[in-house]
Amino acid sequence: MPNASSWSASSPLLLLWEDSSGTRIFLSLLYAVLAISGTLSNVMVIYLVFSFKKLQTTSNAFIVNGCAADLSVCALWMPQEAVLGLLPPNSSSLRSAEYRLLRGGLLGLGLTVSLASHLLVAFNRYVLITKLPSVYQALYQRRHTGCMIGLSWALALLPVPLLPGLWTLGSAQSDGRSRYTALLLALAVLGQTALLLHCYLGIVRRVRGSAKRVSVLNFHLLHQLPFPAAPPPPRRAQRRLSSVSVLLLCCVFLLGTQPLVWVSLLGFFLRPAPPALQAASWLLLCSLSALNPLLYTWRSEEFRRAARSVLPRGEGPAAALRPAAT
């Protein structure tokens, strides 16, 4: 059984090592499923937002930004992992430093912008719910929104040269580059998670403390403007449903990000985690790229109507976003 160092050096996948051909095939199939489903769902969300004017809101602009970043992972990186997992471990194509840099760059760029988009969406909704409308309108002008999106991509390009260090995550290299790269990644994700939780918990506190503003959350915190298809539920039930939606959103995000954070911290301060645990934590993080479109749109009646209009037996674009009769 190879040790952690040989696992990092000879892995056909960027993050996984297995000596069993059956397991390697299973992981390749898993990557293929995530790649197909993630690509389709991200493309669908982008298409719907650009096709329907009612969906072209500030909050959805940040969601589209995240979907574009997730396509870097689902449409460009995951298919390569699925194919490379079927190749022999000693394949010459796997040892090219340039190719490894390309794959690491695609993964790093996509995940960084995707995580930044999570935070932009959370902060947008926090300002919308907890601040005065004049504050929201001043902060989220079209120019400011574009600058926020551009900044998320610009900042994501800075750590791309560090991504090759993740190839040796958990190895005992003398220079310790991989350990410091993993620590930097863990601290960045941990800080982003703290800010995201602060925003959503602030929204929940605001909802519970002000019955007058609870009608704003008829969209269950998953899209920007209320567009109900039925009479709104009682305020108490509405507050409870909104809180559940926020809790579910936070739980899925924590499940996808925190295992990698603590595995990385464990490897830096104590000892490297087992390769299987490292692989599982990375796979959870990467799977968020396929789940994000559903995470932000599954409770949106506007998105559901728009999706039904473009799927077979749809209602048609005109009827898709027409308010239902009450």
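Modeller: Over residues 25–50, the chain is 100% helix and 0% strand, with end C-alpha atoms 37 Å apart. The model is a predicted one. Residues 25–50 are among the spans that an unreviewed UniProt entry lists under "transmembrane region". The same record also lists residues 62–80, 100–123, 144–162, 182–203, 244–270 and 276–298.

The partner to take up at the outset is α2, which covers residues 21–51. The axes of α2 and α3 come within 8 Å and cross at roughly 155°. Angles over 145 degrees count as roughly antiparallel, and α2 is therefore roughly antiparallel to α3. The crossing of these two helices is left-handed. Sorted by class, the residues of the contact between α2 and α3 comprise 21 nonpolar, 5 polar and 3 charged.

Helix α9, residues 275–297, also packs against α3. Here the angle is about 145° and the axes are 9 Å apart. The α3–α9 crossing is left-handed. On the α3 side, the residues that meet α9 are Ile63, Cys67, Asp70, Val73, Cys74, Trp77 and Met78. On the α9 side, they meet Cys286, Ser287, Ser289, Ala290, Asn292, Pro293 and Tyr296. This contact contains 10 nonpolar, 3 polar and 1 charged residues. The spacing of such residues along a helix can be read with a general rule in mind: an α-helix has 3.6 residues a turn, so residues three or four places apart point the same way.

The crossing of α3 and α6 is right-handed. From α3, the contact draws on Thr58, Ala61, Phe62, Asn65, Ala68 and Ala69. From α6, it draws on Thr145, Met148, Ile149, Ser152 and Trp153. By class, 7 of the residues in the contact of α3 with α6 are nonpolar and 4 are polar, while none is charged.

Some features elsewhere in the model complete the setting. Asn124 belongs to helix α4, residues 97–130. With a relative accessibility of 0%, Asn124 counts as buried. Asn124 and Leu139 are separated by 15 residues in sequence and by 9.4 Å in space, C-alpha to C-alpha.

Ser264 lies in helix α8, residues 235–269. Its relative accessible area is 5%, and Ser264 is therefore buried, the cut-off for burial being under 20%. When neighbours within four places in sequence are set aside, Ser264 is in contact with Ala182 and Ala186.

Finally, helix α10 spans residues 301–310. Of its 10 residues, 7 are buried, so α10 is largely enclosed by the rest of the structure. The buried residues of α10 are Glu301, Glu302, Phe303, Arg305, Ala306, Ala307 and Ser309.

Note on methods
Residues are numbered from 1 along each chain as its sequence is written. This is a predicted model: local features need pLDDT of at least 70, side-chain atom pairs count only at pLDDT 80 or more; totals for chains, interfaces and linings use all residues. Side-chain values use heavy atoms; hydrogens and water are left out. A crossing is left-handed if the near helix is turned anticlockwise from the far one by less than a right angle, and right-handed if clockwise. Helices (H or I, at least four residues) and strands (E, at least two) are DSSP runs, numbered from the N terminus. Contact means heavy atoms within 4.5 Å. Ala, Val, Leu, Ile, Met, Phe, Trp, Tyr, Cys and Pro count as nonpolar, Asp, Glu, Lys and Arg as charged, and the others, Gly among them, as polar. UniProt positions are given in the numbering used here, feature names are shortened, and annotations may be inferred rather than shown by experiment. Buried means under 20% relative accessible area, exposed over 50%, partly exposed in between (1.4 Å probe, protein chains only). Axes are lines fitted to C-alpha atoms, for helices over the stretch in contact, and angles run from 0 to 180 degrees between N-to-C directions. Angles under 35 degrees count as roughly parallel, over 145 as roughly antiparallel, 65 to 115 as roughly perpendicular and the rest as oblique.
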